[in-house]
Amino acid sequence: MTAAFSPDERARLAPYFTNLDAPVFALVNLPEVVKGALFARYSRSPKSLRRLFLDEFLAADRTTPLDSPVRGPGASRGGDGGVASTPPSSTGEGDRETERVSVDAGATRAEQLYEKVFFEYGDDSVAQLGGVHLAVEGASNILTKVLEWGRLMAYLEQSTRYIPYDDRPGGRYRYHVPAELGGPLRARYVATLDTAFDVYREWLPRVRAFYEARHPREAGESEAVYRTTIRAKALDTLRGLLPAATVSNVGIYGTGQAWEQLLLRMRAHPLAEVRACADAILIELRKVIPAFLTRVDLPDRGGVWSAYLAETRAATQAITARVLATPAAAATRAPSGVAADEAEVTLTDFDPDGEIKVVAAALYAASDRPDQELLAVARALTPAERTEVLRAYVGRRSNRRHRPGRAFERTSYRFDVLSDYGAFRDLQRHRLLTLEWQRLSPQHGWVMPEAVAEAGGAEAWRAVMEGAAELHDAIAATGLAEVASYAVSMAHRVRFYMEMNAREAMHVIELRTTPQGHPAYRRVGQAMHRLIAEGAGHAAIAAAMSFADHSEVALERLEAERAAERRKERHGWGS
């Protein structure tokens, strides 16, 4: 049953709810802090949400015009934090601009409630009830990986696949110069990176011409599709020349709790760029959701937390160096000790009984038997019978977004990956798994696309790689190892692990092996798929990943661009 409201109450509620009569409705035109506090109060009140809003968040006196900017705590000029200048009216009544409500009072009430919940009750979950869209521009590719660490946030990052980096806005290339560098070393850093960008700029038209000669435009092929495909192929080929210092733009959405966690980590980071970005983010978020972020820079709250993160990081680095310096640790190193001899992807851990356990989990929700009994049942089935169960559970998938249920989360795989930094950047964005990486350095060598050598660019490529490695080592020799990573090219290899259950593995593998994907991460996904089938022996699970693509593709973006062109024509969109 929905609550009944008087005509006056309906008039006051109308600007803030999408309807006043149905049991399902959305909140509009309210600051994030008010929406979050209203939901927090909702959990401990017998009242309906709209009644609660009337009684406790809308003041009885009507002193602030709806078309006035909100100036209370948590307010901003429009956007998520403000109230729309002309709230919609669903009542059809006269001129609503004369309606007066005190949104300031609602925001003040929200602030007071959050203070009680956070500091007296210790209930952090209420910070999940409000969120902010935030843009971070000019972030290095070191910083973007820090920003994209949190699982419960959403990110979109500027792509090196669609945007060339051959321009010089303001007279300089788009890369970050660390504040930690000064004097001759800073000058060397700028000169080395300028050279890398010069080579990238010089070879971009050459590589485009190379691909145009190798893959001439077919009769009837759209000029726009062909041009876009060739351009993407050239950018894919040359992105390895770009240093990790190359800047990008990132759009992020997160809840108050997710932002708080991100800021606590960033404030503990050893790089000045990361800490400065944390300060800038905190300033902007406090214009929108200040109540969610009161603890971040309090010395006895966020300060202690960030210090803990910094201390454990330093302690772990110290103990790792000590442990790995022992003769016993040295004896475990591979005989060659050469990174080039390592497989790009290694399956380091899996459950030999994983497929049996997934079968038992598939039976669980459809039965009334306990977990242990179902495991025994699954173990007693023949391989053909277990395959039959999984086939029924997976069903007929018509596209890769049709994924089976949580039974596939019953078993996991851990992969150690040694790929170029460019591929790592793409794979690192997967968040529903466990992923950690080692510091980027030139010690694992670099890769070069075959097309670069075929186009005559091998010598120029090698010179950029060697220059980056020498600059890295010069910076690291001054005690600035973390800063040295900025100098490393994206073609250099980085080591990281990815641990995921079979359901997430299906998503990662099928997405990252699509024909339009970059060749570097396609190889990683294809190797993971083979290792699940052959290394782990989970052939039925691997077979369920029916959209894993092992084909070789000459122009990765061609079919995707053709499909995009067809959609434009079908919908009458312009180019």
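A residue is called buried when its relative accessible area is under 20%, exposed when over 50%, and partly exposed in between (1.4 Å probe, protein chains only). The structure is a predicted model, in which local features need pLDDT of at least 70, side-chain atom pairs count only at pLDDT 80 or more, and totals for chains, interfaces and linings use all residues. Residues are numbered from 1 along each chain as its sequence is written, and side-chain values use heavy atoms, with hydrogens and water left out.

The structure contains 14 aromatic pairs, a pair being two rings of Phe, Tyr or Trp (its six-membered ring) with centres within 6.5 Å; planes under 30 degrees apart count as stacked, over 60 as edge-to-face and the rest as tilted. One of them joins Phe 17 and Phe 25 edge-to-face, at 5.7 Å centre to centre and 75° between the planes. Phe 17 is buried, with 2% relative accessibility, whereas Phe 25 is partly exposed at 23%. Tyr 175 and Tyr 189 form an edge-to-face pair as well, with 6.3 Å between centres and 65° between planes. Tyr 175 lies in the loop between β4 and α6 (183-214) and Tyr 189 in helix α6, so this pair ties together parts 14 residues apart in sequence. Both tyrosines, Tyr 175 and Tyr 189, are buried. Ring pairs also link Trp 149, Tyr 421, Phe 424, Trp 437 and Phe 496 into a cluster.

Helices (H or I, at least four residues) and strands (E, at least two) are DSSP runs, numbered from the N terminus. Helix α8 (residues 256-267) has twelve residues, and nine of the twelve are buried. Among them are Trp 259, Leu 262 and Met 266.

How values were computed: The expected span of a helix is 1.5 Å times one less than its number of residues.
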